[in-house]
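Open the model in your viewer and follow along. Each stop gives a selection and what to look for there.

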Amino acid sequence: MTDAPADPMPVDGTLAAPDGVAIATTTAGPTGGTVPPVVATTGWANDRSVWGPMVDDLAVDHRVATWDLRGHGTSEAPPPGNYTRDHALGDLATVCDHARGGDPAGPVVLMGHSFGGFLSLAHAIRRPDDVAALVLVAAGPGFRKPEAREQWNESVRAAATKMDQPPGVEEISMHHDSFVLDHLAEIRCPVLVLLGERDKRFAASASLFERDLDVRASVVVPDQGHMVHLKAAAACAAEVRGFLTAAFPGT
């Protein structure tokens, strides 16, 4: 645990992405501790409020930044064509820079749920020196077979038609290649995997992570589904805190 005092209140802000899109963020917790700051990324069709209960717990002794994907929450929604993986990774890199504060060279801990976990993996592959550890919550590495990718993409399109989302935002959650799968074993940082017991869709991904990544713990939370980080926030926060304490001794 850090000796630095916690900030009294979370701070909301807006960051400019590389293409100028406004990205909404909230930062909470103390600065100056031994553990790198945690950057928490949501899944598609969520906003950063889903991290609230976990952040309230973790921010007692850890610096945590949450953010809304472009077209989500209070982040800006650009026109269609501005929701590619590169756009999303540029947004994530901007939030990481913000979370580091006065230490622009320091790595961060990436914590991602669902699509946010996939995005965290992609960032760790592209910028390995930027990531000190990964927390993958009900996440997957994508699909190798084109037909599996198209099946996923069709499910995203179908879901998007039922949601009140800006035009084109569904593209951010679609898969067009197997980039993360192809480079998964290149990730060297320590990893924590969290999964709800009822979230059968991502159980196979957890096994794949255990095979290819430096997984220090793979935790299945009983009686929980895909939103395990929200529905079982205290249990998830305890696992994250224990993982970070072990990964960064002296905290």
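**Aromatic stops**

Select Phe-143: this residue is partly exposed, with a relative accessible area of 26% (buried means under 20%, exposed over 50%, partly exposed in between, with a 1.4 Å probe and protein chains only). This is a predicted model: local features need pLDDT of at least 70, side-chain atom pairs count only at pLDDT 80 or more, and totals for chains, interfaces and linings use all residues. Residues are numbered from 1 along each chain as its sequence is written, and side-chain values use heavy atoms, with hydrogens and water left out.

Now select Phe-115 and Phe-118. Both lie in helix α3 (residues 115-126), 3 residues apart (helices are DSSP runs of H or I, at least four residues, and strands are runs of E, at least two, numbered from the N terminus). Phe-115 is buried at 9% relative accessibility, and Phe-118 is buried at 5%.

The ring centres of Phe-143 and Trp-152 are 5.7 Å apart and the planes are at 40°, so the pair is tilted (rings of Phe, Tyr and Trp, its six-membered ring, pair if their centres lie within 6.5 Å; planes under 30 degrees apart are stacked, over 60 edge-to-face, the rest tilted). Trp-152 is buried at 16%.

**Salt-bridge stops**

Select Arg-70 and Asp-91. Their side chains meet in a salt bridge, 2.7 Å from N to O (a side-chain nitrogen of Lys or Arg within 4 Å of a carboxyl oxygen of Asp or Glu). Arg-70 is in the loop between β4 (64-67) and α2 (85-100), while Asp-91 is in helix α2. Arg-70 is buried at 0%; Asp-91 is buried at 1%.
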